[in-house]
Amino acid sequence: MNAKQLWEKYCQETGKNTDQPYQAWQFGGTGDELAGLVLKGRKTATASAYRLYEIDNEPLPKEGEYSVILNSKEEALCIIRTTQVAVIPFYEVSEDHAYKEGEGDRTLTYWKAVHEYFFKKEYETYGLPFDLHDVMVVTEEFELVYKV
């Protein structure tokens, strides 16, 4: 099932308007694994590098927005609704946020190690200098509202 099909099914079952906007995307890094954590209810947050939104001229996620989460084969797996968004320095990401991301042992130490590696690779892809003291992070919390 593709994103449009899943969105239409969700709207039909919930009475929502199919014209309501939504995004369709997959998690970076280990996307299939992270989507699996969402489906299990373990992952209710994510984080991304703020600078890349600026470079790609993409809008930040907004509270109340819906997203269809895809796997690596572009198949739609579920729909989430964003409940909270903040832009903060890398070093201000909290233990609570790290736990909600649901990855590894769910500690801030694990989160920092994985995200430092991931963000550094992303910055390198864009040819940007990387200094953790300058990295701003978009933290996003969400709720799972529908799954296949």
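Biologist: How do you know that the span of helix α1 agrees with its number of residues?
Modeller: This is a predicted model, and the check is simple. Helix α1 runs over residues 3-14, twelve residues. At 1.5 Å a residue they should span 16 Å. The end C-alpha atoms lie 16 Å apart, so the two values agree.

Biologist: Which residues of α1 are buried?
Modeller: Ala3, Leu6, Trp7, Tyr10 and Cys11. Buried means under 20% relative accessible area.

Biologist: What puts those residues on the same side of α1?
Modeller: Their arc around the axis is only 135 degrees, so they sit on the same side of α1. Lys4, Gln12 and Glu13 are exposed on the other side. Exposed means over 50% relative accessible area.

Biologist: What covers the buried residues of α1?
Modeller: The cover includes β1, β3 (66-70), β4 (76-89) and β5.

Biologist: Now the largest pocket. How many residues line the largest pocket, and which lie nearest its centre?
Modeller: The lining has 34 residues. Trp25, Gln26, Gly28, Ser48 and Tyr53 lie nearest the centre. The space in this pocket is about 980 Å³.

Biologist: Which element supplies the largest share of that lining?
Modeller: Helix α5 does, with five residues. Elements that each give at least two lining residues include β1 (23-25), α2 (31-39), β2 (45-49), α3 (50-56), α5 (108-125) and β5 (136-147).

Biologist: What classes of residue make up the lining of the largest pocket?
Modeller: The lining has 15 nonpolar, ten polar and nine charged residues.

Definitions and conventions:
Residues numbered from 1 in each chain as written. Predicted model: local features only at pLDDT ≥ 70, side-chain atom pairs only at ≥ 80, totals over all residues. Heavy atoms only, no water. 1 Å grid on protein atoms, 1.4 Å probe; cavity = no way out; pocket = protein on both sides within 12 Å on 5 of 7 lines; lining within 4 Å. Points joined across faces, edges and corners; volume = space filled by probe spheres on them. Helix = DSSP H or I, 4+ residues; strand = E, 2+ residues; numbered from the N terminus. Nonpolar A, V, L, I, M, F, W, Y, C, P; charged D, E, K, R; others polar. Expected span 1.5 Å × (residues − 1). Buried < 20%, exposed > 50% of the residue type's maximum accessible area, 1.4 Å probe, protein only. Arc of directions from axis to C-beta. Contact = heavy atoms within 4.5 Å.
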